[in-house]
Amino acid sequence: TFRQNKRFYCDQRLGYIELLKTMNTRYHLTIQFSHGTSEENAIRILSTFIRNLNKRVYKDRYRSGKNFIKGFAVKESTKSKLTCHFHLLLMDNDYYPNKELLEKWIEKQKGYFIKCDNKNYITSHLLQSYQNLGDDNLEHYLTKNFESLSNEEAAMSIAPFSENGVEFGSF
């Protein structure tokens with residue numbers, strides 16, 4: 001019945017909230033794409049963006065496979081722009097620069113994508129420092145759509161970072 005399905009999806013959402021709140025998140029980064037960017041292209045761009053950011057943050061430690069940015073990406077549909085956008089939770093580590101320098105690196109990456117593909121690129125971003133103070137507000141916000149998604153759709157909407165960028169469907 002509808003009530004049983006709603007309870008299942010609420011429980012599923014709570015599981016994702018628990019997963020996200022166990023992270024020691026330092027930054028919340030929202031990335032939006034140009035109008036009409038397909039989900040496939042958006043994920044490809046996001047993975048390249050994360051790999052390039054890894055090269056800036058970790059340099060040779062990334063290239064040798066020793067370190068990469070840890071965190072999660074949550075995908076959300078942007079129906080008005082016929083695309084999707086991503087919320088990235090970047091786990092804390094000792095290698096991140098201060099927020100201002102990280103902001104400059106992100107801006108540089110945005111320019112890289114515009115040069116590479118003038119149709120599909122990152123149009124905007126918002127970088128915010130974040131620390132969960134026990135209210136789990138961000139974790140609840142990021143999973144707000146999961147209650148209306150099937151288990152499979154929710155699993156395809158959240159992805160851990162890897163050395164290759166981000167891998168949706170790995171849950």
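## Basis of the values

Because the model is predicted, local features need pLDDT of at least 70 and side-chain atom pairs count only at pLDDT 80 or more, while totals for chains, interfaces and linings use all residues. Residues are numbered from 1 along each chain as its sequence is written, and side-chain values use heavy atoms, with hydrogens and water left out.

## Helix 2

Helix 2 covers residues 39-58, 20 residues in total. Helices (H or I, at least four residues) and strands (E, at least two) are DSSP runs, numbered from the N terminus. From first C-alpha to last, helix 2 reaches 28 Å, close to the 28 Å expected at 1.5 Å a residue; the expected span is 1.5 Å times one less than the number of residues.

I50 belongs to helix 2. I50 is buried, because its relative accessibility is 2% (buried means under 20% relative accessible area, exposed over 50%, partly exposed in between, with a 1.4 Å probe and protein chains only). Leaving aside neighbours within four places in sequence, I50 is in contact with F161, G165 and V166, where contact means heavy atoms within 4.5 Å. The C-alpha atoms of I50 and N164 are separated by 8.1 Å, although the two residues are 114 residues apart along the chain.

## Packing of helix 2 on helix 4

Two packed helices are described by the angle between their axes and the distance between the axes. For helix 2 and helix 4 (residues 99-116), the angle is about 135° and the axes are 10 Å apart. Axes are lines fitted to C-alpha atoms, for helices over the stretch in contact, and angles run from 0 to 180 degrees between N-to-C directions. Helix 2 and helix 4 are therefore oblique to each other; angles under 35 degrees count as roughly parallel, over 145 as roughly antiparallel, 65 to 115 as roughly perpendicular and the rest as oblique.

On the helix 2 side, the contact is made by I45, T48, F49, N52, L53, R56 and V57. Their counterparts in helix 4 are L102, W105, I106, K108, Q109, Y112 and F113. The residues of this contact divide into nine nonpolar, three polar and two charged (Ala, Val, Leu, Ile, Met, Phe, Trp, Tyr, Cys and Pro count as nonpolar, Asp, Glu, Lys and Arg as charged, and the others, Gly among them, as polar).

D60 is found in helix 3 and is exposed, with a relative accessible area of 58%.

N67 is found in the loop between helix 3 (60-63) and strand 2 (71-78). N67 counts as buried because its relative accessibility is 14%. Not counting residues up to four places away in sequence, N67 touches Y58, R61, Y62 and Y95.

## Positive phi in two loops

Most residues other than glycine have a negative phi. L82, in the loop between strand 2 and strand 3 (83-91), has a positive phi near 55°. L82 is exposed, at a relative accessible area of 59%.

D136 has a positive phi of about 60° and is not a glycine. The loop that holds D136 runs between strand 4 (122-129) and helix 5 (137-142). D136 counts as buried, at 11% relative accessibility.
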